[in-house]
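This report covers charge pairing, a charged patch and some helices. Please look over the sequence and the structure first.

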Amino acid sequence: MENLIRVQDMCKIYNPGENEVRALDHVNLEINRGEFVAIIGHSGSGKSTLMNMLGCLDVPTSGTYYLNGKDVSTMKDNQLSEIRNQEIGFIFQGFNLIANLNAMENVELPLIYRGIGKGERHRLAKEALTKVGLSKRMEHKPSEMSGGQQQRVAIARAIAAEPPVILADEPTGNLDSASTKEIMEILKSLHEAGRSVILITHDNDIADQAKRVVRILDGKIVEDYYNENKKF
Amino acid sequence: MGNMTEYVKMAFKNIIANKGRSFLTMLGIIIGIASVIMVMSVGDGTADAMNSEVADLGTGQIDVYCSEDASNEGEWITPEDLTAIREQLEGVDGVTPNDGSSGSAVTGKGEFAISLNGGTEDMQKSMNYNMKRGSYFTSADVEEGNRVCVITDTDAKRLFGSDDVVGMDIELNVNGIMGSYRIVGVAQQKENGGFVSYTYEGMPVSLSVPYTSFEHFGWESDSFYSATVFANDKVSGEEVAKDIIHLLETRHRCAGEEYYQIQSFQDMVAELNSMLAIVTTFISCVAAISLIVGGIGVMNIMLVSVTERTREIGIRKSLGAKTSSILMQFLAEAAILTIVGGMIGILLGLLGAVGACSLMSASMGSVIHPGIKASTILGATLFSCGIGVFFGIYPARKAAKLSPIEALRRN
Ligand SMILES: Nc1ncnc2c1ncn2[C@@H]1O[C@H](COP(=O)(O)OP(=O)(O)OP(=O)(O)O)[C@@H](O)[C@H]1O
Ligand SMILES: [Mg+2]
């Protein structure tokens, strides 16, 4: 069976020319469906850059990227929008909710762009918000919620359209330990439900909870191992 | 594009969520459109009113006067010339010399400066007055040199405190010679005359009298510097003017000397019109400036608001919005703002024009109807809305073309 993600020889160079930054340096990575992968590394090692490539939020300088069997690296802007909408649920460290929309409306956004009608959209958004434990906060604006709650709205938004891949870039980076635990529980339950989850963290405790750990240093993958005793 | 209703809903939500910004954008559009419509309508209305008033007043009125050369040579216009013009030329309804004098009179109300306008009974054709009491003096009065006069109701009130003065006498002192004039008629100024008639405090009382009555004060009424010919509208003013000159030159044997000159009312109207054209151009410039200022306001707010929302655009794109979806949303926002703003602007502009015109009508005694033109409304609206829409979607398009990560990075 085809890998969910297959990255070959991917490079990303920022500011090509004089003071260029080689943020990704010939990265090769394969991830299968249903895996729970933690990507770890020091600050500035290129984790976010890799995640943005995997999430089709940015295009690599060179290399190929197959997502769900499709060659994404050659796609145009419009096709990438479609891929992001249908294949990927992205969770940002900074939540990235739209301030003047309430929780429900934020979660509905990807469903609107998918062209799902109002009734179905409501149902899916409600379901997703219930999954993250926010069934009582649906009418609240982001400014009326705690950081942990905002991140749960963002997770609900990422999972509402049921994409096969969940990408999370330090989703707990801005949260306290209690909220971190909640978020991790949600991610684990998503994995249990069959989703592929890729998680960036620089917290070794969190990485230790994942079955597979990929370590990245200066834009290169330097370690890729399995915690055989771990469930996820 | 099947999602259009969604984008319109999003647009509405955003407009309401950003009330202040939406209001400012609309304000720019409202001010631009309203001021243009108001200024242009008032300007056009005033021009129309002036035109029709002038046209009412003086069509077919031709002034003849003697040049300096003629007076040096001792050539004037004579009563016989006037008779000849009246009797020989086609299309002439009346002729009057423009003779004048001044004096003073003492009444129960005090001493007044008097200006005497001497002419024939045809002089009433040039008047912007209706007879209110009595009647104008007649050709018999002119022939016999009767000392009779016509006075306006305002002047009658100044002299006697009432306009019921027909039959009363005014004792005049002209250059030390006394003479009494009997009032035969009281005239009332016609309704609309705000632009053409003028009065001022301490202005002499003006009496219209037969020119022949001046003989009482020791003048021979046999030569005049100028005369007014009234042509009817069956002939062209220019033809009549030419005929008058020809006739006078024949009678005085001075062909080609340019002793006699003409100023027809048409000339004056043409002059007035060219003045009006300058005024209209000026007004249009003012309107254009307010339109541009409003447009710049709209542009600024649109640019700022879209730049401010680059992050939102990045979020939407990261969730799968296409560039075209983003554009639709911003287009819908700009369209709603400009349409609502445009309608308010048109309404305020029209109300303002009507209000300003009625204020001006009241203060000037002229009736000015706002000259509302569809082209003004359409032009102003298209311009403002065009700017609103362009600057609403052009930067949005730029932001939507960024990769989502880049858009998210902008703050
Ligand atoms: N837009 C950019 N322009 C130039 N250089 C960039 C840009 N984004 C990232 N970089 C550089 O690329 C390298 C990798 O950055 P990246 O954000 O992927 O690191 P990271 O591993 O996510 O770090 P952190 O843990 O701090 O988030 C860094 O050296 C960074 O300075
Ligand atoms: Mg990072």
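## Salt bridges and charge

A network of salt bridges links B:K132, B:R133, B:D153, B:K157, B:D163 and B:D164. A salt bridge here is a side-chain nitrogen of Lys or Arg within 4 Å of a carboxyl oxygen of Asp or Glu. Side chains of opposite charge can pair when their charged atoms come close. Over all chains, the structure holds 33 salt bridges.

This is a predicted model, in which local features need pLDDT of at least 70, side-chain atom pairs count only at pLDDT 80 or more, and totals for chains, interfaces and linings use all residues. Residues are numbered from 1 along each chain as its sequence is written, chains are lettered from A and ligands numbered from 1 in the order in which they are written, and side-chain values use heavy atoms, with hydrogens and water left out.

| Salt bridge | N to O distance |
|---|---|
| B:K322 and A:E82 | 2.6 Å |
| B:D44 and B:K373 | 3.0 Å |
| B:K9 and B:E6 | 3.7 Å |

B:K322 and A:E82 meet in a salt bridge. The pair crosses between chains: B:K322 sits in the loop between α9 (310-318) and α10 (323-364) of chain B, and A:E82 in helix α2 (residues 77-87) of chain A. Helices (H or I, at least four residues) and strands (E, at least two) are DSSP runs, numbered from the N terminus. B:K322 is partly exposed at 26% relative accessible area. A:E82 is partly exposed too, at 39%. The classes are buried (under 20% relative accessible area), exposed (over 50%) and partly exposed (in between), with a 1.4 Å probe and protein chains only.

B:D44 and B:K373 also meet in a salt bridge. B:D44 lies in helix α2 (residues 19-58) of chain B and B:K373 in the loop between α10 and α11 (374-401) of chain B, so the pair ties together parts that are 329 residues apart in sequence. B:D44 is buried, at 10%. B:K373 is partly exposed, at 41%.

The side chains of B:K9 and B:E6 form a local pair within one helix, α1 (residues 4-17) of chain B; being 3 residues apart, they are separated by about one helical turn. B:K9 is partly exposed at 39% relative accessibility. B:E6 is buried, at 10%.

## The negative patch

B:E90, B:E238, B:E239, B:D243, B:D267 and B:E271 form a negative surface patch. Patch residues have over 30% relative accessible area and no salt bridge, and like charges are joined within 9 Å. Helices α7 (237-252) and α8 (265-308) of chain B each give two or more residues to the negative patch. The largest share, 3 residues, comes from α7(B). B:E90 lies in the loop between α4 (79-88) and β2 (92-97) of chain B. At 68% relative accessibility, B:E90 is exposed.

Helix α7 of chain B also holds B:L247. That leucine is buried, at 10%.

Helix α5 (residues 147-160) of chain A has 14 residues. From first C-alpha to last it reaches 20 Å, close to the 20 Å expected at 1.5 Å a residue; the expected span is 1.5 Å times one less than the number of residues. Of its 14 residues, 13 are buried, so α5(A) is largely enclosed by the rest of the structure. A:E162 follows α5(A), with a positive phi near 50°.

Helix α1 (residues 47-54) of chain A has 7 of its 8 residues buried, so α1(A) is largely enclosed as well. Among the buried residues are A:K47, A:N52 and A:L54. A:C56 follows α1(A), with a positive phi near 60°.

Conventions:
Patch = residues over 30% accessible without salt bridge, like charges linked within 9 Å, V, L, I, M, F, W, Y side chains within 5 Å. Areas by Shrake-Rupley, 256 points an atom, 1.4 Å probe, with all protein chains shown as cover. Lys, Arg positive; Asp, Glu negative; His and termini not counted. Charge placed at Lys NZ, Arg CZ, Asp CG, Glu CD.
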